[in-house]
Amino acid sequence: MPFFRSDDQLTQIGTRILEATWQEFPTLNPQQIALTWVVYDAPVIVNTGGAISSEEFWKYGVRGFSHRGDERIYPASLVKLFYLVAIQEWLESAMVPETPELLRAMRDMIVDSSNDATSLIVDVLSGTTSGPELPPGPFETWSYQRDIVNRYYKSLGWSELEAINVNQKTWGDGPYGRERMFLGELLEQRNMLTSNAVARLIHTIVGGIAVSSVRSQQMMSFLKRSLAPDVLASNTNDENQVTGFLGDGLPENAQLWSKAGWTSQVRHDAAYIEIPEQSPYLLVVLTEGKANSQNKAILPFISRSLVEQIGKI
């Protein structure tokens with residue numbers, strides 16, 4: 001069972017939006033999209049500056065809707081959210097020292113979606129480094145160490161995390177050497193996430209209970225995106241993580257915290273959104289297929305459609 005309760009009203013709205021999306025974009029079939037939507041009704045328990053304890057937070061139920069929310073999909077840069085929470089846990093537990101370079105890498109991994117910064121974070125998390133191929137014995141040890149982030153998330157006991165894999169670096173040109181060995185001949189070790197898993201992780205961050213309230217607030221600061229036209233105009237490519245993504249369908253007076261991910265085969269976004277006089281909500285949309293990954297109109301269409309409905313709930 002997901003962390004949210006299924007809701008008839010949200011199911012009707014979500015289903016209508018998906019049907020309209022498939023009609024608007026014929027290249028996108030129902031098996032090429034996963035969506036999870038969670039609404040925070042009053043009293044709102046998220047983005048409170050960590051005012052609610054973890055025990056209290058989980059007492060509050062939230063309602064939601066998902067389409068293929070448990071389907072495993074290559075996450076591209078959405079995996080960086082999982083590395084962000086993990087490195088904050090390592091720091092909180094004093095497993096690694098907090099340094100200016102580590103803080104810079106955390107920020108750049110999320111704010112700019114830097115793959116180079118992510119490489120450093122994964123190295124620090126696992127105590128491994130990239131390099132040439134390794135003989136069987138050392139490679140087995142290296143692989144076990146690299147899998148530590150998976151073991152951390154399995155230890156949380158969340159049902160949404162049972163099917164995920166988060167042990168690979170993110171690449172521009174692709175892995176080489178021991179990294180290519182670790183990926184598997186048939187890419188069977190690729191990172192894999194579900195929209196429900198991403199939604200639950202963001203739920204804890206915006207709830208102020210991911211690692212600690214202070215660390216959750218730092219993570220929120222990395223995720224904050226500007227919707228100001230002049231800011232977006234100065235950075236019009238995908239790197240701003242708004243244009244062509246969910247933020248592109250929001251009114252200018254909205255507030256957005258998000259992390260996007262894209263490759264030649266997928267286009268994703270995960271966002272927490274606040275609009276004045278409306279219920280805050282969390283929205284995760286994962287799309288697959290080459291044509292869809294290049295289409296910068298699909299995610300804004302879904303976001304805009306949801307904005308039109310949020311005032312009715």
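Which residues does Q31 touch, not counting residues up to four places away in sequence? The legends below begin with this residue.

**View 1. Q31 in a loop of the predicted model.** Q31 lies in the loop between α1 (8–24) and β2 (33–39); helices (H or I, at least four residues) and strands (E, at least two) are DSSP runs, numbered from the N terminus. Leaving aside residues up to four places away in sequence, Q31 touches R68 and E288, where contact means heavy atoms within 4.5 Å. Q31 counts as exposed because its relative accessibility is 52% (buried means under 20% relative accessible area, exposed over 50%, partly exposed in between, with a 1.4 Å probe and protein chains only).

**View 2. T118 in helix α5.** This helix spans residues 115–126. T118 has a relative accessible area of 0% and is therefore buried. Residues up to four places away in sequence not being counted, its contacts are K80, Y83, M109 and T170.

**View 3. The largest nonpolar core.** A nonpolar core is a set of buried Ala, Val, Leu, Ile, Met, Phe, Trp, Tyr and Cys residues joined through side-chain atoms within 4.5 Å. The largest has 60 residues, and those with the most contacts inside it include Y83 and V166. Helix α3 (residues 79–92) supplies the largest share of this core, ten residues. A second, separate core of 32 residues includes W37 and F301.

**Notes on the model.** Residues are numbered from 1 along each chain as its sequence is written, and side-chain values use heavy atoms, with hydrogens and water left out. In this predicted model, local features need pLDDT of at least 70 and side-chain atom pairs count only at pLDDT 80 or more, whereas totals for chains, interfaces and linings use all residues.
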